[in-house]
Amino acid sequence: MPHSSSLLRVARRLSSDAASAEDLVQETLLHAWRNFRQFRSGTNARAWLFRILLNAVYAQSRRQRAEPVTLGISSSAEERLPDFTASGMSEFDAADVARAFAALPARHRTVLLLGVVEGFTCREIAGILSLPVGTVMSRLSRARHALRVQLSSAAKCAGKGAS
Amino acid sequence: MTCKEIAARCPAYLSGEMEPESARVFAEHLRNCRACNEEVERQITLDSLLRRSILSEKVDTTALDRTVRAHIALERRSFSPRWLAVAAGIAAILLAGALSYRAMFASPPPKLCVDAARDHRSEVTLAQHRRWLSDPNAVADLGQRNGIPASLLAALVPPGYRFEHGKLCRLGGEVFLHLVYAQGGAEFSVYLRSSGTQSLSLQQVQTGGEHIAYVRTDRYTAMFVTDRSSAAALSLARSAAPALIA
């Protein structure tokens with residue numbers, strides 16, 4: 001099915017378990033098939049699919065009354081950006097980044113998955129999430145910041161990323 | 001542009017959405033401001049790390065795709081108003097000739113039909129593809145080697161359909177040529193074999209969700225399998241019957 005790999009990859013990072021993620025993608029593809037008349041020809045079909053997926057994710061969260069995962073960092077920690085350099089950052093491996101990413105709130109994971117991993121523009125993300133472009137841009141900045149704070153914590157434990 | 005504006009507009013710069021003039025001013029600021037330049041470099045590195053981390057995860061959607069296709073096939077044949085209308089139309093057209101087939105409708109489904117329905121479901125509806133031949137000439141050669149002339153294959157294609165692919169398969173211990181034809185998203189199967197029997201009959205059967213028109217002439221056994229309706233299967237068989245009898 002078109003885009004099912006991308007959809008499943010994102011769903012896995014936003015839902016509680018692998019089975020739920022598959023259910024969400026299945027629901028998304030079937031919804032798209034049943035409501036294909038709603039798709040406006042000439043617009044971005046991939047963005048349309050992700051919009052359906054994100055709506056399904058939100059609906060599932062509401063059903064499960066899931067509390068979003070919170071980062072739990074203090075305001076002072078937010079102001080102090082970790083001071084490692086770009087070359088110091090490259091010491092982190094995929095597992096370090098995956099752990100730090102998993103600890104982020106869902107809204108941060110969502111924009112990073114759409115913008116950084118799936119390559120949607122801020123304008124496209126705004127369409128997918130029904131948010132103003134400015135909100136998407138500030139949310140992306142905060143999400144990148146939060147990821148660096150998480151990596152900073154990991155770096156302190158493992159002695160990585162120092163400049 | 002101030003350092004604060006650079007920070008605020010960095011996401012648009014990184015996603016390549018900045019207007020050319022703004023991008024030029026942004027890049028110029030980075031050349032002259034070491035702190036902003038290093039900050040943007042860190043963000044680019046972080047994005048690259050995140051992308052590599054997430055994309056390194058293996059994602060297998062085989063089972064998921066199969067489930068979705070099966071749901072779509074099921075809904076298509078159960079709820080499509082368009083096909084219900086087509087089936088109703090075909091049924092109305094066939095009404096006049098239905099009496100002559102009534103006795104045959106009551107016949108129990110031959111085991112071959114059950115096997116054909118199962119094969120159609122796994123190979124076409126659920127798309128558990130084996131090795132298909134999509135080159136019509138290669139399929140024609142395959143048919144020739146199994147006693148089925150190319151002219152018959154050409155004559156079997158109903159108006160509006162196109163040949164998709166074919167292969168040999170074994171049903172009830174006998175080798176059949178399995179052909180798949182499509183019209184838009186709808187597909188049907190024809191299972192065909194050259195036979196030496198002297199009987200001539202046409203049966204319409206339903207087993208599971210598939211509708212089958214079973215045709216036996218003095219030279220061929222053919223089964224037309226579709227998910228749509230009994231009327232559609234019968235229509236396909238009637239369309240091909242002259243070629244099978246000739």
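**Exercises on a predicted two-chain model**

The buried residues of H1(A) are Ser4(A), Ser6(A), Leu7(A), Leu8(A), Arg9(A), Val10(A), Ala11(A), Arg13(A) and Leu14(A). The model is a predicted one.

**Exercise 1.** State how many of the residues of H1(A) are buried, and what follows for the helix.

*Solution.* Step 1: burial here requires 20 or more other C-beta atoms within 10 Å of a residue's own. Step 2: nine of the 11 residues of H1(A) are buried. Step 3: the rest of the structure therefore largely encloses H1(A).

**Exercise 2.** Find on which side or sides of H8(A) its buried residues lie.

*Solution.* Step 1: list the buried residues of H8(A), which are Cys122(A), Glu124(A), Ile125(A), Ile128(A) and Leu129(A). Step 2: around the axis they cover an arc of only 155 degrees, so they sit on the same side of H8(A). Step 3: in general, an α-helix has 3.6 residues a turn, so residues three or four places apart point the same way. Step 4: look past the end of the helix, where Ser130(A) follows H8(A) and has a positive phi, near 55 degrees.

**Exercise 3.** Describe the side of chain A that touches chain B.

*Solution.* Step 1: count the residues in contact, 32 of chain A with 29 of chain B. Step 2: name the elements of chain A that give two or more residues to this side, which are helices H1 (4–14), H2 (18–34), H5 (86–89), H6 (94–102), H7 (106–117), H8 (122–129) and H9 (133–158). Step 3: sort this side of chain A by class, which gives 20 nonpolar, seven polar and five charged residues.

**Exercise 4.** Locate the largest nonpolar core and trace the contacts of Leu50(B).

*Solution.* Step 1: the largest nonpolar core has 50 residues. Step 2: H9(A) supplies the largest share of this core, eight residues. Step 3: the residues with the most contacts inside the core include Ala11(A), Ile125(A) and Leu50(B). Step 4: leaving out residues up to four places away in sequence, Leu50(B) touches Val97(A), Phe101(A), Leu112(A), Val116(A), Val117(A) and Leu147(A). Step 5: another core, of 36 residues, lies apart from the largest one and has Leu112(B), Val124(B), Leu153(B) and Val225(B) among its members.

**Exercise 5.** Identify the strands that pair with E3(B).

*Solution.* Step 1: E3(B) spans residues 186–194 and is mostly covered, with seven of its nine residues buried. Step 2: strand E2 (residues 174–183) of chain B pairs with E3(B) in the antiparallel sense over seven bridges, and Phe188(B) in E3(B) is the bridge partner of Tyr181(B). Step 3: strand E6 (residues 220–226) of chain B also pairs with E3(B) in the antiparallel sense, over seven bridges. Step 4: Phe224(B) in E6(B) stands opposite Val190(B).

Key
Residues numbered from 1 in each chain as written. Chains lettered and ligands numbered in written order. Predicted model: local features only at pLDDT ≥ 70, side-chain atom pairs only at ≥ 80, totals over all residues. Contact = placed C-beta atoms within 7 Å. Helix = DSSP H or I, 4+ residues; strand = E, 2+ residues; numbered from the N terminus. Nonpolar A, V, L, I, M, F, W, Y, C, P; charged D, E, K, R; others polar. Core = buried A, V, L, I, M, F, W, Y, C linked by C-beta atoms within 7 Å. Buried ≥ 20, exposed ≤ 12 C-beta atoms within 10 Å, placed from the backbone. Pairing = 2+ DSSP bridges. Arc of directions from axis to C-beta.
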